[in-house]
Amino acid sequence: MNSTFRRLPVAVAVSLALPWLAHAQETTLGKIVVTGTVSAVNPAEVTPRTVDALKPATSDTATLMRDVPGVSGYGAGGVSSLPVIRGLADDRIRIKVDGMDLIAACPNHMNPALSYLDPSNVGLLEIYPGVSPVSVGGDSIAGTIVAESKAPVFAESGQGTLTSGEIGAFYRSNGNAKGGNVAATFSTESFSVSYAGSTAESDNYDAARKFKTLAATGRAGHTLPLDEVGSTAYKSRNHELGFAFKGGDHLVEAKLGLQDIPYELWPNQRMDMLDNDQKRVNLRYQGQFDWGALEARAYREKVEHFMDFGADKRFWYGNGAPPTGSGGPAALNGTPCAPISPTCAAGMPMNTESKNTGLALKGDIRLSGEDLLKVGAELQRYRLDDWWPASGAGMSPNTFWNINDGERDRNALFGEWEGKLGAQWLAVAGVRFERVRTDAGPVQAYNNAAAPATTLVPAFNNRDRERTDNNWDWSLLAKYTVDESLDVEFGLARKVRSPSLYERYSWYSRGMEMLMINWFGDGNGYIGDVDLEPEKAHTLSATFDWHAADRSWELKATPYYSRVSDYIDAARCPTSLGGACSAANLTATNSFVYLQLANQSARLYGIDISGRMPLGRNALGEFGLKGLLSYTNGKNRDTGDDLYNIMPLNAKLTLTHQYRGWDNALELVMVKAKRDVSEVRNEVETPGYNLINLRTSYSWKQVRVDFGVENLFDKFYYLPLGGAYLGQGTTMTANPVGAVPRWGNAVPGAGRSIYAGVNFKF
């Protein structure tokens, strides 16, 4: 690997001579376009062609962005990875799905926003990294991801009625993954009704070789092969019903959505998601007027979420037999001992319910010449309950309330001007104000009469928990056209994000409960802090865009710098909190630890480079080369520690080939060793690696067939952002002796996987 990166300047010189895919245009009624304007804002887009190529290889929509420079993902469940933009992840990114601001309703963030949109139903996927305009930003410091399902389709004038749809299926060898999708539309010139449904499921995947020495899962009679990555199985089902009415330049649309995930297991969490039900209603109006465009939206979402130990993690805890400590004669998901018992605990049930209501109104107003004024208002009301019924042993007699009657309300106003500043300059400037109010009700421990609950419960319940943040964002973007082959874009912004309910109100310092609060995947235990301040990021970036006049070749380079005050990082929890916050915890270096979230200061800088170039055209078809390189460096300015889960230097080169209906790609992925790690979290280092992926497809008018191989040469590697391996064993114990999980083991990536997909449109 090191030799590979010593040769990297040569590889980069090639990849720099090639930048990234030009944005393929997609006609969609779901996107308002005010004609006559030219914008300085150019988001990265995952084109429909890329979606079609990648969806047979993944069931996780977030991974469709893997060819976008600066974007990576925290490893998680099979359909729920957490996106990262230039070192900032998860809640630090605003993610809008069909215009809805969705929030992960789980102490481990197992149901992030993009998990509710299946790859087969993606109609638009745009990324605004770093300096995003205020019209799409808000309550975020990393940037914005805009994801939309497929737009409504109407019959052409004079066509009468139109019936269309598609059916698709896929299979992937590693994990025996399989699934399918179906979509159908019936429409007239003014009315459209559509349905889109999908299902995906997989067993555990295998690494390229044995990576552990113990096969035990903590369940009698159930072991895992030493190369099998435990708790990576999943099953997901999605349904969406849409109605749309069109009259002239006006569109009214209603979408009803339902997700059902019976199980999604987690290799880097101590718990698994054993049920997730989401129901949503999304209403939208958009219209074009002489003065510009207007869009209004209202939505309502309800999530019911349940976690416990899945098939690969120990379920019974206690002194039963066999074996000693397994709890009961069968050690299965039954009741061999009383659910409430001083010597036996039957799992650890955890429930979450949330309600999310939003309203948004946005107007695009044409001013003189090509100037455009965007104004808007947004309102969001979010309610969250997070409670864990007692299941025995030290968990009786009460239900544990992690967050009770949690409230997070956002009100926002923004104004943004967009226009020309001369023949060669375009600019966008905007200001946004948000008021974010959070609150939570009184809590209780499993046993309020036992320490540390005797002090922590009254301390939490007797304090004022309501917090109100008045957040100001501003952004300035400018584009200067030097000549027909060079554009330079500049961006400067202040972005603010208020803490989440889990960051502010997770409160209990006993070890077992702390281990269940973790959306980082590092195996550590966490509590929040009611007094956390909003994060405030000042970001500067520039993009140098070299290209041919016809965009047949492109090269982009984007250096950036961001300084974040009140950055929410982690510190070892103080001994004054009692419980797991011991003196030994303060100095531990080779174990899982217990942490409290804290405001500190951080800085991040890096560069993203991407490009593409033609290699030639002959009787065998068109050949091309595209590539990207990303580097991020993140430091805590208060402690000098490296920031957690920063993707190491990585690059990708892809040889492309097209001939008639054939579309082929041979891809080299290069990732440097991860040596800059967060010491306060005892983050595990990972070695560097190279992977080869192969994709091929053939398309007829109505049918497309895909075939590919991920990790062609079955290379073993660890996921740099995959977190700690907690996929099997006695996961309720922080640092078990002679058992799995153990500190120091990262989550391996998947070994070779051969996949195939077919899609038929009618």
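How many bridges join strand β3 to β4, and do the two run parallel or antiparallel? The close-ups below take this up first, and please keep in mind that the model is predicted.

**View 1. Strands β3 and β4 lie side by side in an antiparallel pair.** Two bridges link β3, which covers residues 82-85, to β4. To find one of the contacts, look for Val 84, whose bridge partner in β4 is Ala 89.

**View 2. An open sheet of three strands takes the order β2-β3-β4.** The pairing here is antiparallel. Strands β2 (71-74) and β4 (88-89) are at the edges with a single partner strand each, so one side of each has no neighbour in the sheet. As a friendly reminder, strands of a sheet pair through backbone hydrogen bonds.

**View 3. Strands β12 and β13 make a hairpin.** Here, β12 (residues 216-219) and β13 (residues 222-223) run antiparallel and are joined by two bridges. Arg 219 is found opposite His 222 of β13. Two residues sit between the strands.

**View 4. A patch of positive charge gathers on the surface.** Its members are Lys 279, Arg 300, Lys 302 and Lys 355. Lys 279 belongs to strand β16, which spans residues 272-289.

Methods. Residues numbered from 1 in each chain as written. Predicted model: local features only at pLDDT ≥ 70, side-chain atom pairs only at ≥ 80, totals over all residues. Heavy atoms only, no water. Patch = residues over 30% accessible without salt bridge, like charges linked within 9 Å, V, L, I, M, F, W, Y side chains within 5 Å. Areas by Shrake-Rupley, 256 points an atom, 1.4 Å probe, with all protein chains shown as cover. Salt bridge = Lys/Arg side-chain N within 4 Å of Asp/Glu carboxyl O. Lys, Arg positive; Asp, Glu negative; His and termini not counted. Charge placed at Lys NZ, Arg CZ, Asp CG, Glu CD. Helix = DSSP H or I, 4+ residues; strand = E, 2+ residues; numbered from the N terminus. Pairing = 2+ DSSP bridges.
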